[in-house]
Amino acid sequence: MSQKKRILIADDDPAILDSLELILEDAGYEVITTGDGATIQDLVQMKPDLLLLDIWLSGWNGKDICATLKHNEQTKHLPVILFSASRETEAIARDAGADAFITKPFELDDLLDTLEQHL
Amino acid sequence: MMRNEHPASSLDFLAGGGEMGERIRSFDWASTPLGPAEQWPQSLKTIVRIMLTSSQPIWIGWGPDLIKLYNDPYKAIVGGKHPEALGQPVRVVWREIWPDIAPKLRTAMEDNVGTYDEAALLIMERYGYQEETYYTFSYSPVPGDNGGVGGIICANTDDTARIIGERQVKLLQTLAAETSDARTIGEACRLSAELLTRNPQDIPFALLYLLDQDGKQMTLAGTSGIERQHPAVFEQVALDQDAPWPFAEVMRTQKPCLIDDIQQRFGALPTGAWKKMPHQAAILAVAPSGQTGQAGALIVGLNPYRLFDESYQGFLKLVCSQISNSIANAQAYEEERKRAEALEEIDRAKTLFFSNVSHEFRTPLTLMLGPIEEIRDDPNTAPANRERIEVAHRNALRLLKLVNTLLDFSRLEAGRIQASYEATDLGIYTAELASNFRSAIEKAGMKLTLDLPALSEPIYVDRDMWEKIILNLLSNAFKFTFEGEIAVRLEERRDHVVLQVQDTGVGIAPDQLPLIFERFRRVEGVRSRSYEGSGIGLSLVQELVKLHKGEVEVTSTPGKGTTFTITLRKGTAHLPADRIGATRTLQSTALSAAIYVEEMSQWLPPEEEEPAGFPAEIPAGDRPRIVLADDNADMRDYICRLLSDRFTIEAVANGKQALEAIRRARPELVLTDVMMPEMDGFQLLQAIKAHPDTARIPVIMLSARAGEEATIEGVRAGADDYLVKPFSARELRARVITHIKLARSRYESERKLFDLFMQAPAAIVILRGPTYVVELANPTTLAIWGRSSEDVLHKPLFEGLPEVRGQGLEPLLEVVYTTGVPYVGNELKVALDRTGSGQLEDVYFTFVYTPMRDAVGTIEGVMVFAFDVTEQVLARQRAEESELRFRTLADNIPNLAWMADRGGRIYWYNSRWYEYTGTTPEQVKDQGWEQVVDPQDLPAVRRRFHRALYEHEPFEMVYSLRGADGTYRPFLTRMVPIRDAEGTIVQWFGTNTDITEQKRLERQKDEFLGIASHELKTPVTSIKAYTQLLERRFRKAGDERASELLKKMDMQLNKLTSLIADLLDVTRIESGKLLFHPAPFDYNSLIQEVVEEAQRTTTRHTILQELGPSVTLTGDRERIGQVLTNLLTNAIKYSPKADTIYVKTELKDNMVITSVLDFGIGIPAEKQQHLFQRFYRVEGETQMTYPGLGLGLYISAEFVKRHHGTIWVQSEEGKGTTFSFSLPLSLAPEEHLLEGEQSA
């Protein structure tokens, strides 16, 4: 399909959300952002093609969400990329079943590459 | 100040000046050639002024007549002529000395020259008599108003006293000095009188008289300045008359007497130094010195120009005193001399006497000997009688010998013996003579050694004299030698021979040696076989040797022996020629050696067989000393003879002498008679037993009283034995020997014990009786008590140590003394006054009181055995005190604290410890502390605790302890060793400090850091995102410049990110949360990656790689990469001017060594050590020259360390730096990357 891919970004920080949105839109993606409060259901209902989640979110946990999604038959096909400020948490990310792990701050090119890989 | 303002004030110059001023002012000068004062010439006025204001005696003579004016001080000089002298011509005033002064005045007046005379003699007559005076004066011409000399001014000084005084002193000195040699009274007087002529001024003439022995007359002893023939001189003057000289009064009162009319009495008299005759004489007493001094008187013709005043009298008295002294000295000499003469006289008389006596003796003796020998040799004589005759014979011979010797001597003295010198083989002859003594010597248990070699020539001696010499010397040697040997030796020298008689006898004391050859000299107080002897023998020997022109000498060492040495010259040159080979005049008075030998054998004990079974002998060669007291001389002799072979006996006549003898030298036994004068046997016994020093000496009493009672009485009195006379010799000997042996063995064992006591390092005291008399206190005791033995010995204990009373010792002693139960005291404190100053010192004793019992078991004393343990007690107290202090301290600190012994066993906890842990001492004893340690930490704690104990190192560790509420808290535990003075660990002291709070803070810090970096990263993320986005858009839009700017921004953001990452890493390292993810990876490819990345950050530098072959490392790839990045970043940063950086690898010893080289600023040597520390940054010119947090190397070092590698740097300032680190190629199975370990 030549339809734009929908990417869901979840992060505490509005600046990050905003900048990522701009970047991804520039790169030709459709971007849905969510800060906090949304449940997993909400997220799924938004029908993303890929989820980009911060690993520590206030309210709900990026890695838990990832784990939940990956364990769910219906959602486990969804690519989830977790990112975090801390490198140490890479193992945790893998444990949660994340498809990829990016550290903040990230290189734009790296991010875009990774996205492409998993879409 | 009022001034006389009347116009003609020309009398002002007469103002003042005292009396003379007044007189001058009121004098009628107009009636004199001077005219009125107002009209006097100015110069006169001036000098009058000077005179009146001077304090020196001054007179002025003015005008041709020299009218006299004078001042107040001059009044004394004019004396009786004042005040008439004022205004008179000098010629009138001083008419008596006008002849003397006129010429001088003329010189001044006419020649205008001043005169000066010093101490000029002027016979003045100012008091109505002529006077000897001495003045120093000057006449100074004073110009008149119309030129020429107007008058003179004269200043004076009275030198009279000085001049007279000087000459008097001189005479006295002379008298003292020059009469000291006078040896007789007459000489002293003569000499003194002569010396008086040396002062003819004060003593124109003198006569010295001495009082006769009868006290009735004075006899002339010396004259001075007057002829003996002069009519005034009388050889003798009776005292009872006044003429010619009245001595009586003077001798009686010893006061001087003045005679005025000597010219009338005697006419012309000598004038001495003067021209005028003395008109007076004085008689002064010359005092005798002492009771027997010689009294005298001195008549002195007196100086006509002096009054016999006190001064003159005093001087003459001193003269008499000097004379008296010299007489006294001379008298002393005379007396001494008279004494010496008297002694000589006595000596002479003695000799004469002896000569007479011995002559008278010889006759009957010789007549006796004949019949005695007949009876002795008659076979019919009964044996008992023969014995008695033998005794008689022996004694007669002895007497004869003595007499002969005396006679010889006196004849020698009188010069009636003449030697007859014959050539003699001295060796053989001497041997013959000496061998007569052999048997006697050997019988006495001694050795006779004859060393008499043949000489190369015969010696000229008088045979009889030589015989006497040898016999006397040998007899003497035998008398004083009791053991050892007597040796006679002959030695030949070049021109003389030397004969020596040497013995090993008692010797002669050094002070007696010089007197040994003196006649009648017997050696006092020395052991000898016999006390008989006239003391003449050696003197005779000396005289005989002298006759041979030889020398005899004696040397001796008391207790060792004596040697007599005779030296004779060879040949005949030294002998009177006419006596060589001449017939003898010396009758063979000596019955030669026989007599000597006979005598000697008498000194040996009678030969009695000692019976078998005799009590054990006293060792031969041993000579115990016995004091024997008996008033009967025969008895003394008898006993002496009985015992003197084996004992040394000092025999005295009564108890008192015995005591003295005992005190002088302690005997081993005392034999005493009972009945004696002055002090009898029982009294002696009492005295001996009373004194502790002598109480142990065994005493045997000899008594005429028989019967049981006597024996009992004797024993009861304390005698050790009692013998009744007559007693057998055997009995006496046996008892003596027994008692001595007994006493000795008792003494021996006592001695041994005593020695033990004395040397023991403990205090040993023996207390006797209920008052605890200190019988013995060994040196250690005395040292502890600070007393000398006199202070305490033989006194009750509490008398010698009064300060010890009432300190609790009395009851202890009492118990021991009464019950016989020993007492052991441990660390008892006693206060002693050890320095005698009254200051009490505490001494601690550990001691035993043991009862001492006598032979029947009664307690008679207490023995104390004690150790001074003060030091130990004090040390222990000190230790206890300091420990107590420690504990008090420890209890008051907020930490938990405890103390462990050397082995690490904790024996004390402070109260906080118990509070915190909620435990009781019971629970935690025996390492119970382990219970409260967090079980997780316990193994490590135990391990490190024991390591500290073992290695004697302080221990530090953080681990958790369980509190009373059950929760564990972290504590920082520290334990340090406590050492003693020698450095040995005596205990351990530990604290636990609650660091919960501290930890919490740390955790907070870490958390903060963690949060902070997280927080920092977030905005950085978005900024970076924006930046990159913009960069793309601008690039797309073709705005290269903007795009470049944004690229730069991006780079900076990377740096920022890197810094944040480092900070995070540090935090993790610190909190031990750094996790590694080891995995194998290819090293070279990592390097390349990192290098590429780094290269992108710099355009100025080129990073070159020189890599070895690649290896596969097992480690955290990311972290290693971080290290490389860090090093490269540094290399770039610190070589701003260079352009090349190398990265090298090298394989070595199972390690890969990576090096990053730069050619930058380098690092100074002193900074290199700090490089790997946290936050350390290299300084640049400003703070921001080399930006960065300084964490990179620290982190790199940590990472490398965790990988079991090492990191180091080589650098030279200005040249460049090389950082290198090594990584092991493979890790041993048990090794794993080091976990973070807490370090406090």
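Buried area is the accessible area that two parts lose on being put together, summed over both. In this predicted model, the area buried between chain B and chain A comes to about 2,100 Å², with carbon and sulfur atoms giving 54% of it. On the chain B side, Thr1021(B), Tyr1026(B) and Arg1032(B) lose the most area to chain A, and together they make up 24% of what that side buries. Counted by residues, 23 from chain B are in contact with 19 from chain A.

In one of them, Arg1033(B) pairs with Asp26(A), and the closest N and O atoms are 2.7 Å apart. On the side of chain B that touches chain A, at least two residues each come from α30 (996–1037), α31 (1040–1070) and α33 (1117–1133). Helix α30(B) gives the largest share of that side, with 14 residues.

Turning to the rings, the structure holds 23 aromatic pairs over all chains. One of these is Trp245(B) with Phe266(B), a stacked pair at 4.8 Å centre to centre and 25° between the planes. Trp245(B) lies in the loop between β8 (236–238) and α8 (247–253) of chain B, while Phe266(B) lies in helix α9 (residues 262–266) of chain B, so this pair ties together parts that are 21 residues apart in sequence. Both Trp245(B) and Phe266(B) are buried.

Tyr1142(B) and Phe1159(B) make an edge-to-face pair, with 6.2 Å centre to centre and 80° between the planes. This one links distant parts of the chain, 17 residues apart: Tyr1142(B) belongs to strand β37 (residues 1140–1148) of chain B, and Phe1159(B) to the loop between β38 (1151–1158) and α34 (1165–1168) of chain B. Tyr1142(B) has 21% relative accessibility, so it counts as partly exposed. Phe1159(B), with a relative accessible area of 41%, is partly exposed too. Elsewhere in chain B, ring pairs join Phe13(B), Phe27(B), Trp29(B) and Trp40(B) into a cluster.

In chain A, the charged end of Lys104(A) sits over the ring of Phe83(A), 5.5 Å from its centre. In chain B, Arg183(B) lies over the face of Tyr333(B), at 3.8 Å from the ring centre.

Finally, there is Lys570(B), which is found in the loop between β18 (561–569) and α16 (592–603) of chain B. Is this lysine buried or exposed? Lys570(B) counts as buried because its relative accessibility is 14%, and the cut-off for buried is under 20%. The side chain of Lys570(B) has backbone oxygens to work with: a polar atom of that side chain lies 2.8 Å from the backbone oxygen of Arg493(B), and the side chain reaches the backbone oxygen of Arg494(B) at 3.2 Å. Leaving out residues up to four places away in sequence, Lys570(B) touches a run of residues that includes Glu492(B), Arg493(B), Arg494(B), Asp495(B), His496(B) and Val497(B). Ser456(B), Glu457(B) and Ile459(B) are also among the residues that Lys570(B) touches.

Conventions: Residues numbered from 1 in each chain as written. Chains lettered and ligands numbered in written order. Predicted model: local features only at pLDDT ≥ 70, side-chain atom pairs only at ≥ 80, totals over all residues. Heavy atoms only, no water. Phe/Tyr/Trp six-rings, centres within 6.5 Å; stacked < 30°, edge-to-face > 60°. Helix = DSSP H or I, 4+ residues; strand = E, 2+ residues; numbered from the N terminus. Buried < 20%, exposed > 50% of the residue type's maximum accessible area, 1.4 Å probe, protein only. Lys NZ or Arg CZ within 6 Å of the ring centre and 35° of its normal. Polar contact = N/O pair within 3.5 Å; in protein donor to acceptor, adjacent residues only side chain to side chain. Contact = heavy atoms within 4.5 Å. Buried area = accessible area lost by both parts, 1.4 Å probe. Salt bridge = Lys/Arg side-chain N within 4 Å of Asp/Glu carboxyl O.
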